[in-house]
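Please read the following briefing alongside the sequence and the coordinates shown here. It takes up a helix contact, then a sheet and a cavity.

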Amino acid sequence: MSVLKIGIIGLGYVGLPLARLFATKYAVVGFDINSDRVADLKIGVDATQEVADDLLKEVLKNVSNNENGLFITADSDYLKECNYYIVTVPTSVDKNNQPVLKPLLSASKTIAKYLQKNDIVIYESTVYPGATEEDCIPVLEKESGFIFNQDFFVGYSPERISPGDKVRTVESILKVTSGSTVETAKKVDDLYKSVIKAGTHLAPSIKVAEASKIIENCQRDINIAFVNELSKIFSLMNINTSEVLEAASTKWNFLPFKPGLVGGHCIGVDPFYLAQKAQQFGYYPEIILSGRRLNDSMGNHIASEVVKLMIDREVKVKGANVLILGITFKENCPDIRNTKVIDLYQSLKSFGLKVEVYDPWAKKAAVKNEYDIDLLETLEDHTYEAIVLAVAHKQFKTIDISNLKKKKSVVYDIKNFLEIKDKSL
Ligand SMILES: NC(=O)c1ccc[n+]([C@@H]2O[C@H](COP(=O)([O-])OP(=O)(O)OC[C@H]3O[C@@H](n4cnc5c(N)ncnc54)[C@H](O)[C@@H]3O)[C@@H](O)[C@H]2O)c1
């Protein structure tokens with residue numbers, strides 16, 4: 001390989017920050033099939049707000065050449081001069097919680113068109129152990145006519161960023177790497193080491209690297225499920241869960257997880273990938289799936305708690321106005337994919353409540369399109385019988401809740417975040 005040129009396929013939450021980082025040292029072609037996203041990025045605007053506009057503009061270039069910098073395109077033909085390909089496309093689940101590999105397979109097909117001898121394809125998308133070798137590589141081989149580990153090579157390096165986290169950015173998070181041969185593994189590791197300040201951990205195989213990523217998210221899911229279960233138990237016992245957790249956290253080895261809704265495209269999805277694969281091997285994963293079930297039940301549970309409180313305080317339930325603060329899947333980020341606030345919204349509506357949602361981070365059009373909800377533009381001149389804080393956006397810290405409350409009302413703070421609180425999990 002003479003000049004090193006990297007093609008990054010999929011410029012979302014994961015792909016764009018990575019492309020920007022590599023572009024500070026290498027010639028990078030960033031390819032995405034979403035032409036609207038490409039048009040925004042080409043003028044230095046990242047709607048996900050993961051990469052600051054000025055940082056993006058610093059690396060952008062208008063021509064695809066061998067100079068350092070990032071050329072962004074929706075035309076896959078520009079990938080043909082690349083010799084390293086990095087795949088950062090989505091891996092979601094369908095309505096039956098089965099893995100959707102279509103974007104991964106289609107990205108593999110695109111790459112195969114341009115693959116040349118000795119090229120390296122690195123997958124970053126989160127998958128079950130075996131997906132790279134059993135699902136993706138056969139597509140690369142079939143479409144290119146090349147032989148794996150003879151004509152081309154493969155690596156896997158999972159991403160660990162968390163959307164909205166401006167401290168732990170891609171270069172400051174230690175990265176697990178792997179490769180299909182000893183030599184490839186070293187090349188993949190060297191490539192990431194050259195830009196990741198926190199360093200790398202070279203895993204002994206692609207399957208180990210795949211498994212290491214999926215269990216990170218399974219572990220979080222299960223731990224959150226445990227505290228969610230505690231919150232259900234303590235609610236029945238009329239004990240404040242936050243106060244219990246605060247007291248328990250004074251022990252050195254108590255893990256500081258908090259109850260809440262578990263949405264998004266990682267923690268609420270990845271356990272299903274491992275569960276599905278486990279079942280192919282004849283093992284039914286009990287803890288992983290009961291954690292998922294428990295966490296997925298929280299929207300309904302919180303809605304019932306809100307209604308119980310309303311009844312308790314003699315607030316008329318049917319037709320009452322309710323405000324939900326926040327609809328994104330987590331705080332201080334515009335990502336609404338797989339948000340579990342929607343379960344809460346629907347459950348509250350099923351009790352006959354009139355529900356409104358306010359979120360200063362979410363895009364109005366995206367929420368309308370995805371969930372058919374018209375987000376409030378402002379909170380001015382609105383009052384409610386119930387207010388539920390669902391997402392701890394920093395803007396909500398400064399809201400004066402007393403202005404939003406009707407005389408008889410309930411404030412339910414899922415995140416234990418507001419200054420005024422009547423009740424939290
Ligand atoms: N978002 C996170 O915080 C995070 C963290 C760690 C790992 N991951 C994993 O990284 C992967 C990517 O996640 P994301 O959040 O960046 O997704 P995303 O939806 O934000 O971005 C994916 C991008 O890929 C593009 N795309 C889809 N199919 C394509 C194709 N065939 N060719 C080219 N582009 C295509 C989409 O248009 C989109 O812009 C997933 O496997 C996810 O589980 C995500």
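**Helix 7 against helix 8**

In this predicted model, Val227, Leu230, Ser231 and Phe234 of helix 7 are in contact (heavy atoms within 4.5 Å) with Thr241, Val244 and Leu245 of helix 8. Local features need pLDDT of at least 70 and side-chain atom pairs pLDDT 80 or more, while totals for chains, interfaces and linings use all residues. Residues are numbered from 1 along each chain as its sequence is written, and side-chain values use heavy atoms, with hydrogens and water left out.

- By class, this contact of helix 7 with helix 8 holds five nonpolar, two polar and no charged residues (Ala, Val, Leu, Ile, Met, Phe, Trp, Tyr, Cys and Pro count as nonpolar, Asp, Glu, Lys and Arg as charged, and the others, Gly among them, as polar).

**Sheet**

- Six strands form an open sheet in the order 3-2-1-4-5-6 with parallel pairing, where two strands pair if DSSP finds at least two bridges between them and strands are DSSP runs (E) of at least two residues, helices being H or I runs of at least four, numbered from the N terminus.
- The edges are strand 3 (69-73) and strand 6 (153-156), each of which pairs on one side only.
- Strand 5 (residues 120-123) pairs with strand 6 in the parallel sense over four bridges, and Tyr123 has Tyr156 in strand 6 as its bridge partner.

**Cavity lining**

- Helix 5 (residues 131-144) contributes the most to the lining of the largest cavity, with three residues.
- The residues of that lining divide into six nonpolar, two polar and no charged.
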